[in-house]
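Here are my notes on the model, point by point. Please read them with the coordinates open.

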Amino acid sequence: MLSEAQRAAYDRDGFIVVSDVFSPAEIAELRAVTDEFERSAAHVTANDDIYDLEDSHSPAEPRVRRIKAPHLHHPAYARASRNDRIVAILTELWGSVRFDTGKLNMKSAGFGAPVEWHQDWAFYPHTNDDLAAIGIMLDDMTLENGPMLVVPGSHRGPIYDHHGPDGRFCGAMEPAACGIDLSRAAPCLGRAGSVTVHHVRAVHGSATNISGAPRRFLLFQYRAADAWPLLGFKDGIEKFDELLLAGEKTLEPRLAAVPVRLPLPPAEYQGSIYENQRATGRRYFAPADAARAIAAE
């Protein structure tokens, strides 16, 4: 699935974009399912186990910013999470693959919420860092609709502090204090059906969608079979082994000399990354109203 150049780019930069992994028919099905979830959100008034809603959400104008664990709520999403081409890409990188979880981040036209700078590793450190997220582009990703931005090479650097002023985990870095040149971040652009692969330690974020088109990004997290979560797996070893997609079961986690900063104590009001990041008051990306004003200048 991957060329030598793509493997070298992933090792060097910590992320790649792979074109045309999903067919037009597969993307059309995922879009149709997503449209139905959006319509159903009209009957939802607050965040729940499925939906994370935009602040401006209303029954008349349903606005969803995330569908939580979509693979648990529709078979089309479940099939996408175990797509043979995704498994092949990750097997080439690690030799074995175990599924973790997923989410569908949605940025509606003109107001989709930004995601502040962070590292996924800060949320779920493991015994080694052979972990990555695959992002499936359900829509074309352009500079205007809030694509994921990744700082090249940041996966080889430190784990930055993701704790707020109260000492609790907040899921966001402090841009002014982290000492990393965020202006170097590169956008992950591509046609619908393309996928991104980003390393668990890569620094990334995304701006507000200021375009007239939606930006829907289906993200699934994976790990090598011998990467075990340091915070434990609450559902037990049998369920853990059911998540194995390629390779052999093992009771011998591989321990690597990787930097770890635990996400403890948790946020006082634990919620989605959007809620936890907002609670800190940290902001690098302009919110929707400000972003639209800047774009109009």
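1. Asp20 is partly exposed, because its relative accessible area is 48%. The scale is as follows: buried is under 20% relative accessible area, exposed is over 50%, and partly exposed is in between (1.4 Å probe, protein chains only). Asp20 sits in the loop between β1 (15-18) and α2 (24-40). Its phi is positive, about 55 degrees, although Asp20 is not a glycine.

2. A word on the source. This is a predicted model, in which local features need pLDDT of at least 70 and side-chain atom pairs count only at pLDDT 80 or more, while totals for chains, interfaces and linings use all residues. Residues are numbered from 1 along each chain as its sequence is written, and side-chain values use heavy atoms, with hydrogens and water left out.

3. Ala69 also deserves a look. Its phi is positive, about 40 degrees, and Ala69 is not a glycine. The residue lies in the loop between β3 and α3. Ala69 counts as buried because its relative accessible area is 17%.

4. Check the peptide bond between Leu264 and Pro265. It is cis, with omega about -10 degrees. Pro265 belongs to the loop between β12 (244-246) and α6 (273-280). Most residues other than glycine have a negative phi, and most peptide bonds are trans.

5. Arg65 is in strand β3 (residues 64-68). Is Arg65 buried or exposed? Arg65 is buried, since its relative accessible area is 5%. A polar atom of its side chain lies 3.3 Å from the backbone oxygen of Leu53.

6. Ala76 is in helix α3 (residues 75-81). With a relative accessible area of 3%, Ala76 is buried. Leaving aside residues up to four places away in sequence, Ala76 touches Glu29, Leu30 and Val33; contact means heavy atoms within 4.5 Å. Ala76 and Lys103 are 27 residues apart in sequence, and their C-alpha atoms are 13 Å apart.

7. Now the whole chain. The protein chain has seven helices and twelve strands; these are DSSP runs (helices H or I, at least four residues; strands E, at least two), numbered from the N terminus. Of its 297 residues, 53% count as buried. Among contacts between residues at least 6 apart in sequence, 83% join residues at least 24 apart.

8. On overall dimensions, the C-alpha trace spans about 55 × 45 × 40 Å along its principal axes.

Methods: A polar contact is a pair of N or O atoms within 3.5 Å; within protein, one must be able to donate a hydrogen and the other to accept it, and residues adjacent in sequence count only if both atoms are side-chain atoms.
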